[in-house]
Amino acid sequence: MWTLFQELASRIAACFRRRGLDSDFDRELESHLAMLEEDGIRRGMAPHQARRAARLTLGGAAQLREAHRTTRGLPFLDSLLQDVHYALRSLRKTPAFTAAAVLTLGIGIGANTAIFSTIDEALFRPLDFPRPEQLADVFAFNKASRTFLSSSYPDYEDLRARTTTFQRLSAFVRMPLSVAWGDRDERLPVEAVTGNFFSMLELPPVAGRAFRDDDDSIAGGRVAMVSEEIADAGSIGGKILVEDEPFTIIGIVPKRYHGTNLNWGQPPQVWIPLQATAIVHPRFRALDIFHQRAMQWLLVTGRLEPGVSVARAQAEIQTIAAGIAQSAPATNRDISEIVFSASRAKFWPAYRTSITRSLTVFAVAAGLVLLLTCANLSNLLLNRAVGRRREFAIRLSLGAGRGRLVRQLLTESLLLALPSCAAALAIAYGLGGILARFPNAWGLPLALDGSVENRVLCFCMALSVATTVLFGLAPALQTTRIAVLPALKESGNTVSGGGHDGLRNLLLVLQVAFSMILLVGGGLFGRSVMRGWSIDLGFRTEGLLTAGFSAPPPGSAAAERLRSAQRGLIERLGALPGVESATLASDPPQNQLHSRTQIQTIDAAITADRHSVGPGFFHTVGIGLLSGREFNARDDAAAPKVAIVNQTLAARLWPGANPLGRSIAVQKVAMQVVGVVRDSRYGSVWDEPRFDLYVADSQAGAPASYLIVRTRGNPAGLASTVAKEWNGHVPRSPLADFRTADELLSVALAPQRLAAAVFGAFGLMAIVLASVGIYSVMAYAVARRTREIGIRMAMGAKPAMVVRQILGRSMAVAGAGVAAGISISALLARFVAPQVKGISVYDGGTFASVAALVGTVAFLAAAIPARRAARIDPQAALRAE
Amino acid sequence: MAERRSEILQGTLDLMVLKTLDAMGPLHGYGIAKRIEQVGREALRVNQGTIYLCLVRLVNRRWISAAWGTSENNRKAKFYSITHAGRKQLIAEAANWERVSGVIGRLLRLESGL
């Protein structure tokens, strides 16, 4: 056994020292022959006789050398190494080709890898818990409005009590709360969870213990768990203040837990029992939130019994929901429940479609780039192989098998795969990082880390190898199928193209078409972004600065303290140098989340977007006041409740009549309309005018949590001055996240900007590749037919005619590509329609300008070889043979 | 038939080379070939080149080692010598050969006896 191993090792080693061993053996044979000869002469032979006899005795040197190689090495490895060696040499001889091939492949595969990685992370990667397939989320679903909802506590209790398909069913809610402990005092994402939450996830704490059912009660509720990221075992038993209420730390949650839901941005850091929300949120107690079916605030997640499918759980949960709907029709008449596998429902179900759709669009773009890369690679390899026809013919005539030549060409392709894969990974890493960090890339705050993990690595390598082999094979098969004699007779430039032309033209048409599709995509998204920037928003973004602060839970003493501190503070901020005015609002511009509310008048009931705003809001933001007045300092909690409506809401509620002084009921609270303002796209740049209801911040239940400042000049420069003034007066609610309105607008436009950038970049790359393709094919055609063109010109053909012929072929190819591109784009357009905002996806201007661009580029690419053809000197061309 | 006779088994040649090196000490390829021819006395005609295939095989198995040196006629030649592992192999193979040739001999005698 050991001997066998040693022999194998020696044989493998021999393959790598081929040249040295060959010459060593030659010397050995030489000395053997010399000794034989000497012996012969000693025995009386004539020198020439002796030499002949010596050669006969030893045997044929060439065969011997070959046999020696086979015996000492591994014939298979030997020829493979020979192929690799030869391939490396020939790739090194053509650095331009090699670089082009590696780069195109790298970009094509890298783009796909990045997109695949993001899709994988967002949609497919299982959650990091034991047996993740058993975890399922239960969402309430309003059948009438077809929207997903959170669940109420009584609904959760009923589901939990009646289900038999779930082993454990938990509920939780995420909210930012102020957490103070040791010398830390900050706003952290806190999850309030039922007592069985961690045992349901089967997520043991790294230290201490997890919540139990008896922790989850008002009496036993003052315990908390903290993430490993901010605490360690030493913190157990310590006190932590959540909204100024003391809790005891009992366990440390491993930091790999990022929550089960991706669309909340930051992962949670502190956990409290669900019932403890009543301790930290006085309003929850006042609302009696644990007994109200109308209050939908919980997410429900559970672990299925082993072997139970999601479908079976769905059937059971639906029956339970129907039962609840029957016993509590007032609140639950339209409510059903839908069960999702938790690994699939990593974000709010309503978002899934939009995320899937935008990821699909990117996947299609990346797929196109890959196809284009393949077409380009195929063309490059074909060009290269055609250029080497003579070499192949010589090798074939010297006895090389066709299989061996194909193997040689495939080795070359495979050698390209390796550096391409490395380039692809680098590109994927960069692009993945950009995708993950691009704010609001998917129109939602998704918490993705954009890491490239093993599965993605395998995907990338498989893709590289498959692409190079597949697209290396066609040219390899085609070029080795040559008749030896004609090819040998060929001298450089009289080769007849044969069957390659058709394949090449097809590849060019495809390349042009793909670039066309990508550029149309880039154009549509680009115009969408431009539209977003130029649209009349109904308020003035320039000079507007916003910052958020954490508002304590409404009704708490801290909330009252903040409110009284703010009164004078806003005026002082407005008087700062460079500041025109300041105000408060419940949401910043382009927040895109709408807080909806019910409005009732004597004869109508509608749902509108509700904004609570401070005095001077409309003046500060620049929304025009059409009639009536703004809120002012006198509209406080004690004063009669007042409201302001936008013109669309006014027209809907009181068509043709004066809205001022009218009464409305907002969630059963009577208010008087004191003003009408212009419609605006304050909430979202793409929104058509909506029903907007503004209530006075000081009269609203929930206090505002955004400061909005109108500045003269550069708003970002004032951030520190404003922060200093504010933080000096309300240190417990420091200002954070300063943004100008223009920044917020650009974040709101991020999905379109990203898509425009990706499609635009891919499209430009595609058109460059396509034009290089056109150029090289035409240049090759001209070079090949120099003699023919020379003869024709000698016979009286005009240069213009020659030019026309060359350009004609290129423009036919480009035209076919553009036509194909336009039709495919038109077919695909409706799939991007939801993302392309503000313009039609069949925007004629975009299609026409892209077609013109592609046509021009193709024309220019063909013009250079055409000019060269026109300049052919007939005499020189004929003499060159 | 003459060609058939000279077609010696690979293993047999290995054994002969090992034995030769064991008995004679370091030798070059030509010396080994000559020695085997002498002992075989025309009954065993080896194509001298094949000896090198056998030598490289034995070197790969670490049973013999090779080094360049100078021959008795002051000529550069590669000298082979048996290694410790080669001796062990020789002893094992020789015993094996004795056994097998004994069996074959008996078998042949038995057949001719019928």
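User: In this predicted model, at roughly what angle do the axes of helix H2 (residues 18–42) and helix H3 (residues 47–58) of chain A cross, and which word describes H2(A) relative to H3(A)?
Analyst: The axes of the two helices come within 8 Å of each other and cross at roughly 130 degrees. Angles from 65 to 115 degrees count as roughly perpendicular and those over 145 as roughly antiparallel, with the rest between them being oblique.

User: What is the handedness of the crossing of H2(A) and H3(A), and which residues of H3(A) meet H2(A)?
Analyst: The crossing of these two helices is right-handed. On the side of H2(A), the residues that take part are A:Leu29, A:His32, A:Leu33, A:Leu36, A:Glu37, A:Gly40 and A:Ile41. In H3(A) they meet A:Pro47, A:Ala50, A:Arg51, A:Ala53, A:Ala54, A:Arg55, A:Thr57 and A:Leu58.

User: Which element gives the most to the side of chain A that touches chain B?
Analyst: The contact between the chains takes 20 residues from chain A and 17 residues from chain B. On the side of chain A, the elements that give two or more residues are helix H1 (2–16), H2, H3 and helix H4 (61–72). With seven residues, the element that gives the most to this side is H2(A).

User: How are helix H6 (residues 95–124) and helix H15 (residues 402–437) of chain A placed relative to one another, and what is the handedness of their crossing?
Analyst: The axes of H6(A) and H15(A) are 6 Å apart, and the helices pack at an angle of about 45 degrees. That angle makes H6(A) oblique to H15(A), and the crossing of the two helices is right-handed.

User: Which residues of the largest nonpolar core in chain A touch the most other members, and which residues does A:Ala643 contact beyond its neighbours within four places in sequence?
Analyst: The largest nonpolar core holds 151 residues, and those that touch the most other members are A:Ala365, A:Val369, A:Val512, A:Ala643, A:Leu707, A:Ala766 and A:Val854. Leaving aside its neighbours within four places in sequence, A:Ala643 is in contact with A:Ile664, A:Val666, A:Met671, A:Gln672, A:Val673, A:Leu693, A:Tyr694 and A:Val695.

User: Is A:Ala231 buried or exposed?
Analyst: A:Ala231 is placed in the loop between strand S6 (223–227) and strand S7 (239–242) of chain A. Not counting residues up to four places away in sequence, A:Ala231 touches A:Val226, A:Ile249 and A:Ile252, while its C-alpha atom is separated by 9.7 Å from that of A:Gly251, which is 20 residues apart along the chain. Because A:Ala231 has 25 C-beta neighbours inside 10 Å, where 20 or more are needed, this residue counts as buried.

User: In what order do the three strands of the open sheet in chain B lie, and which residue stands opposite B:His28?
Analyst: The pairing in this open sheet is antiparallel, and the order is S1-S3-S2. Strand S1 (27–28) and strand S2 (64–70) are the edge strands, each pairing on one side only. S1(B) pairs with strand S3 (residues 76–82) over two bridges, and the residue of S3(B) that stands opposite B:His28 is B:Phe79.

Notes: Residues numbered from 1 in each chain as written. Chains lettered and ligands numbered in written order. Predicted model: local features only at pLDDT ≥ 70, side-chain atom pairs only at ≥ 80, totals over all residues. Core = buried A, V, L, I, M, F, W, Y, C linked by C-beta atoms within 7 Å. Buried ≥ 20, exposed ≤ 12 C-beta atoms within 10 Å, placed from the backbone. Contact = placed C-beta atoms within 7 Å. Pairing = 2+ DSSP bridges. Helix = DSSP H or I, 4+ residues; strand = E, 2+ residues; numbered from the N terminus. Axes fitted to C-alpha atoms, helices over the stretch in contact; angles between N-to-C directions. Left-handed = near helix turned anticlockwise from the far one by under 90°. Parallel < 35°, antiparallel > 145°, perpendicular 65-115°, else oblique.
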